[in-house]
Amino acid sequence: MTDTAPALDRLRGDAPPRNHDARTIAALTANPGCARRGLMDAAGVDKDAVARHLGFPAPFGQSQFAITRGNGFEQQVKENGCAELLTLLRERAGLDVAEVAYDDLEVVAGGEGRELRHARTRALLGRALDGDAGTLFDHPLLKLDIAGQPAYLEPDVIAFQLAGRFHVVEIKSFAVIDGQAEPEQVAAAARQAAVYVLALRRLVAELGHDPARVSHEVFLVCPENFSNRPTATALDVRPQLATVERQLARLTRVDRLVEALPDGLTFALGEELPETVRAVEARYAPECMASCEMAIFCRDEARACGATGVLGRSVRDDLGGVDSVAAALELADGTREAPPELAELAGQLRTAARLRAEALQLAAAGGVA
Amino acid sequence: MSVLTSLAQVQAAAAGVAQPVATVRHCHLAAAPLVMVPLKMAGEAAAPLAVMLGSDRAAPELLAVPQPRNRDLRFAFAAEFAKLVLEHVAANVGAAESLGEGKDGEERVRYTEAPQILLPNRGGVGFLRLLGRSTRFRRTEGPYAVEPAVPALGRWLTWYADRHDRPGSSLLLTMTETLRLHWATGQSSLEDGNLAALVGWIDPPDGLDGPAAARRAEDPVASPPAGPATDPTFDNEVLAPAIAAYDGAGRDPRAEERVRDALRGQLAPTWDLMWRSVDLLRTLPEGGSVARRWERDRDGFTWFHRSFAESLPQPRRDIAVRAARRLHDLERAQDAYEAQRAFDDPLVMIEHRLNGLAFGGVVVGGDPARLDESGKRPKLRPHLLVATGDPVRLDPGATVVNAARPGLKGRVLEVGADGVLVELTGGMGRGLVPAAGSVPQVGERVVFTSLTEGSFGPARFPEAEDTPWTHGGPPAEYVPTDEDAQEDWS
């Protein structure tokens, strides 16, 4: 892993590594088969800047209304030493947080250096682990190694229960209405929380304690119904944890991707950038649009070469093994001979093409079957 | 999906224009539907921002909330919106057809019309559902009283959203889903969710092809999103300053007009697209079973409207028996809808032909007047040999019906190299000689299928008071509470 670090630094050019946060780390689990994304993420390339430079900026804007609402809600929940949050954790989540010490780790005396903040988080957590104190940590700063690069993460809060387990608390401003929230938003929150759990477990292990003292059960705090009143819901993030861990382990093997690259390749912004980006193979799927800054560039590229992947996963699955629009059409009209492994699919495509043509002809003639 | 839809998508991608996946229209289109384009405020669950609506494409109404965070303005919006929706409902009540007496001796009727709503996309349905949820429990007297139309709106919106879940219902249609039922584009379902891009593929403007039109549709300035979410850049650069000016100007009408103008600009392009989509759908002839499904919709409307006065708002959650019954109804509706669409449309039936559950071809032989004389009395049992190139996967003995005339029933006898031998068993009249035209002649094209409509029978569920303990036992009777009525909406 460390061997590839210089190579990865070179890939980035002069630019400083882009910081990962829980959201971007969670996004690593999407589309694991894409070498381009894997490499750029591993090297900490600023994909947003690259995409912009290539003329395909990512459409990831956020409305100030949503930001205001999100900040306002978090502030409200955390007011007066997380008073509202504590009530919730006691009543709704059944957490036995009796005597509570509240530690805000956002600002460390004399500065806000990340190393410093992380050291303080570490020290306080260590004490809590030994002393069994009921504690709420606000704005702790965790660290997770992403392909040799430290990424700093800031969970919303960590609650420490007297029974001896840490719980990550995620504060989100989407509403839970009659016990239900939008599934995509819950899924995204769960992925993000899983990253925090993982980082926290690593830290606990480093401090010489059992990582299982960090619970896989996290608490999602959201507005209830149409009000500003918070409600807490327990979420089991074990599946997301497994995925994130697997992806991170995989990321550290980017050395193989790096080896295959021509010497002197760099993602530094410049004239050669389009060529460099194209030199690393992408695996575009419409799902990329939700999580990868490069998505619009890759989609354009995939469309230009007539890849079936741009039509969606269902099409790619239905036409398994046939990667291009042209090849699919030639198999369907019989002008391309199918290799043995595609014979069955080719037969289906030919029948499908014949049936479609017949039915359309019939409709044009004004008849019914 | 299937190889067929994938092939249609691939063909669309190659041709640069959408390809048909239906030859008839599989939904009802009312003469005067209520077209609605709602917008909500970003970051909030159901804070309405604006809605453009109406049944006259040349004269849409615009309702807007100049400060969406203000509760009073929000309820004022809900009251105005309610008035227009309830007018649309009322306009479709009137004439009714008699269905005779029911079991209880009361006369049953069905309204001849029903109020249809058209929305751009599924997101709009979710928004109406939440807007319904946040308004239907409100009280019209006492603390936090609202206008009487507001809770009524909530109940109607909840009902519409529920009807939308029902396969084949046309009471609340979303344009992207409806268009996708009839055309396949050369882009993914994600991009098809953008109404402008979808219409661009189906009917590209002069000088553009599908991909170019879709590309233009992705520019939020040229083509604002169809809601209910707004474009973040619009929020930050146009809407937020306009709302701030309204707040700062002491609610000056001119400042309010500025907010409305901004929102009108975002809504008008989608409004036009909605009506263009209606035009596109009207170019297709209506499918044979659409009227029957619309009858079910009219039944639902008649029942809901006539029992409205004495019913309570829909509870937050269904009780177990009701939920089970509803789920069963939805499954039945799905089953019937899929079969009906195939019978109505040869381009849908080929899906089953590709799967081997239907086959089509030319009658090449047989014995059209054959009698089965093995029993006590002779029976009319003509044989047909249908030559087909379809991958038939029906076993001998399988019951089949003629796709064009499902009354004509038969049985597969043999699937051989020269075709499928079918013995006809019914639908040829009562005599020993087939009714004229009932048996397909040699040279005729036929399609037979094992598909049946309504294979899903009704199921029996216990009454609510007999709910078994496994499902929580008999539920407490639902009573609207003060808490429900006074719930925050902030």
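## A residue in the core

Leave aside the neighbours within four places in sequence, and Val197(A) is in contact with Val168(A), Val214(A), His216(A), Val218(A), Val237(A) and Leu241(A). Two residues are in contact if their C-beta atoms, placed from the backbone, lie within 7 Å. This is a predicted model: local features need pLDDT of at least 70, side-chain atom pairs count only at pLDDT 80 or more, and totals for chains, interfaces and linings use all residues. Residues are numbered from 1 along each chain as its sequence is written, while chains are lettered from A and ligands numbered from 1 in the order in which they are written.

Val197(A) is also among the residues with the most contacts inside the largest nonpolar core, which has 216 residues. Others in that group include Tyr196(A), Leu153(B) and Phe448(B). A nonpolar core is a set of buried Ala, Val, Leu, Ile, Met, Phe, Trp, Tyr and Cys residues joined through C-beta atoms within 7 Å. Helix H7 (residues 183–206) of chain A gives the largest share of this core, 11 residues. In soluble globular proteins, nonpolar side chains tend to be buried together.

## Where the chains meet

Chain B brings 52 residues into contact with 44 residues of chain A. On the chain B side, the elements giving two or more residues are H1 (3–15), H3 (122–135), H6 (189–192), H9 (232–248) and H13 (346–355), each a helix. H1(B) gives the most, with 10 residues. Helices (H or I, at least four residues) and strands (E, at least two) are DSSP runs, numbered from the N terminus.

By class, this side of chain B has 27 nonpolar, 17 polar and 8 charged residues. Here Ala, Val, Leu, Ile, Met, Phe, Trp, Tyr, Cys and Pro count as nonpolar, Asp, Glu, Lys and Arg as charged, and the others, Gly among them, as polar.

## Helix H13 and its cover

H13(B) is mostly covered, with 9 of its 10 residues buried. Among them are Pro346(B), Met349(B), Glu351(B) and Arg353(B). A residue is buried if 20 or more other C-beta atoms lie within 10 Å of its own, exposed if 12 or fewer, and partly exposed in between; C-beta atoms are placed from the backbone.

The cover includes helix H14 (343–364) of chain A, and H1 and helix H12 (320–344) of chain B. Just after H13(B), Gly356(B) takes a positive phi of about 90 degrees.

Ala324(B) is found in helix H12 of chain B. Ala324(B) is partly exposed because 16 other C-beta atoms lie within 10 Å.

## A five-stranded sheet

Chain B has an open sheet of 5 strands in the order S4-S3-S2-S7-S8, with mixed pairing. Two strands pair if DSSP finds at least two bridges between them. S4 (61–64) and S8 (172–174) of chain B stand at the edges, each with a single partner strand, so one side of each is left without a neighbour in the sheet. S2 (residues 34–40) and S7 (residues 117–119) of chain B pair in the parallel sense over 2 bridges. Val35(B) stands opposite Leu118(B) in S7(B).

## Two domains of chain B

The domain assignment of chain B gives domain 1 (3–316) and domain 2 (346–449). Such bounds come from an automatic or database domain assignment. The C-alpha centres of these two domains of chain B lie 45 Å apart. Their contact takes 6 residues from domain 1 and 6 residues from domain 2 of chain B.
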